[in-house]
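I opened my notebook to look things up one at a time. Here is what I wrote down as I went.

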Amino acid sequence: MCRLLAYLGPETSLESLILTPAFGLLKQSYEPRFQRRGRINADGFGVGWYQPDLRPEPARYRRAVPLWSDRSFASFAGVVRSGAILASVRNATPPSPSEESSTGPFLSGRWLFAHNGEVAGYTSGARERLLAELTPARARGIEGTADSEVLFALALDRIDAGATPAEALAGVVTTVLQVAGGRLNMILTDGSSVAATAFGDSLYLLERSGAGSGRPAVIIASEPFDDLDDWVPVADGSLVQSVAGRPAETAVMAS
């Protein structure tokens, strides 16, 4: 239903995380190893990255085409470097169309968001019930038809009210379960912190020391991009959160 990857750590290239790894998002776009639903992720892809010395808001590149077909991305991915990256490849949930506005990561201000899963009954009443939970300003900001964008708006409303990223995602899970149910692997980042939920599909955590910098690298991903044994599976029903330069923390979401 999509594959996701978030990175916080020393600057690295988009290519090194997305295209080069043997089982990276490029491979996962046509042959994922751990995906529980769906076979390929060819309905679009997107990448967001931060350059805080230039501006607090991230840059974003997304297309409604398979990752393997975009030669433009391949041409610049090796020269764009960042210490905070969020990327995804998409398997659209019918009847949602393959279009750029419904492709993650989604962007608002300094926040990037991606979702792997689906809201149950989204086209048969759940969308309207979730939209009713939003503030008018957030509801007006929705551009596409994807359930993911509505989830992002729900999270942003909670952040606006003072929640931390982890608290915001946990609150979204609670709301969706009350309204409709679904599968809700989500990642939210502002470039200096990242939070994610494991709820209905695979999620893995990787922490490695940054080469020469002393700063740890934290990667949260739908599945490992290599076969090294330092990937840790995140238990279903759990939250992961990390602040740049610090180890990640994992906790069970309140039921």
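**Entry 1: a pair of strands.** I started with strand E7 (residues 182-189) and E8, which run antiparallel and are joined by 4 bridges. The model is a predicted one, so I keep that in mind for everything below. I then looked for who faces whom. Threonine 189 stands opposite valine 194 in E8, and leucine 188 has alanine 195 of E8 as its bridge partner. The two strands make a hairpin with 3 residues between them, and there I found glycine 191 with a positive phi near 95 degrees.

**Entry 2: the other neighbours.** Next I checked what else pairs with these two. On the E8 side I found strand E12 (residues 238-243), antiparallel to E8 over 6 bridges. Valine 194 turned up again here, this time opposite serine 242 in E12. For E7 I noted strand E6 (residues 111-119), which pairs with E7 in the antiparallel sense over 8 bridges. In that pairing, glycine 117 stands opposite leucine 184 of E7.

**Entry 3: covered or open?** Is E8 enclosed or open? I counted 6 of the 6 residues of E8 (residues 193-198) as buried, so the strand is largely enclosed by the rest of the structure. I also looked at which way the residues point. Ser193, Ala195 and Thr197 go one way, while Val194, Ala196 and Ala198 go the other, and all are buried. E7 is mostly covered too, with 7 of its 8 residues buried.

**Entry 4: rings.** I searched the whole structure for aromatic pairs and got 10. One of them is phenylalanine 34 with tyrosine 204, an edge-to-face pair with 5.4 Å from centre to centre and 65 degrees between the planes. Where do these two sit? Phenylalanine 34 is in the loop between H2 and E2, and tyrosine 204 is in strand E9 (residues 204-209), so the pair ties together parts that are 170 residues apart in sequence. Phenylalanine 34 counts as partly exposed because its relative accessibility is 30%. Tyrosine 204, at 14%, counts as buried.

I then took phenylalanine 45 and tyrosine 61. Their ring centres are 6.1 Å apart and their planes are at 50 degrees, so I wrote this pair down as tilted. It links distant parts of the chain, with phenylalanine 45 in strand E2 and tyrosine 61 in strand E3 (residues 59-63), 16 residues apart.

**Entry 5: two single residues.** Is arginine 39 buried or exposed? I got 76% relative accessibility, so arginine 39 counts as exposed. I found it in the loop between helix H2 (25-28) and strand E2 (45-49). Leaving out residues up to four places away in sequence, arginine 39 touches Tyr30, Pro32 and Asn91. I also checked arginine 39 against cysteine 2: they are 37 residues apart in sequence and 9.7 Å apart in space, C-alpha to C-alpha.

Then I looked up serine 13, which lies in strand E1 (residues 2-13). Its relative accessibility is 7%, so serine 13 counts as buried. Beyond its neighbours within four places in sequence, serine 13 is in contact with Ala77, Gly78, Val80 and Arg81.

**Entry 6: stepping back.** Last, I looked at the whole protein chain. I counted 7 helices and 13 strands. Of its 255 residues, 56% count as buried. The C-alpha trace spans about 50 × 35 × 35 Å along its principal axes. A compact globule with 255 residues would have a radius of gyration near 18 Å, and the chain has 17 Å, which agrees. I also took the contacts between residues at least 6 apart in sequence: 68% of them join residues at least 24 apart. For the surface, I noted that the chain exposes about 10,900 Å², with carbon and sulfur atoms supplying 51% of it.

Conventions
Residues are numbered from 1 along each chain as its sequence is written. This is a predicted model: local features need pLDDT of at least 70, side-chain atom pairs count only at pLDDT 80 or more; totals for chains, interfaces and linings use all residues. Side-chain values use heavy atoms; hydrogens and water are left out. Buried means under 20% relative accessible area, exposed over 50%, partly exposed in between (1.4 Å probe, protein chains only). Contact means heavy atoms within 4.5 Å. Two strands pair if DSSP finds at least two bridges between them. Rings of Phe, Tyr and Trp (its six-membered ring) pair if their centres lie within 6.5 Å; planes under 30 degrees apart count as stacked, over 60 as edge-to-face and the rest as tilted. The radius of gyration is taken over C-alpha atoms; the globule rule is 2.2 Å times the number of residues to the power 0.38. Accessible areas come from the Shrake-Rupley method with a 1.4 Å probe; for residues, only the protein chains shown count as cover.
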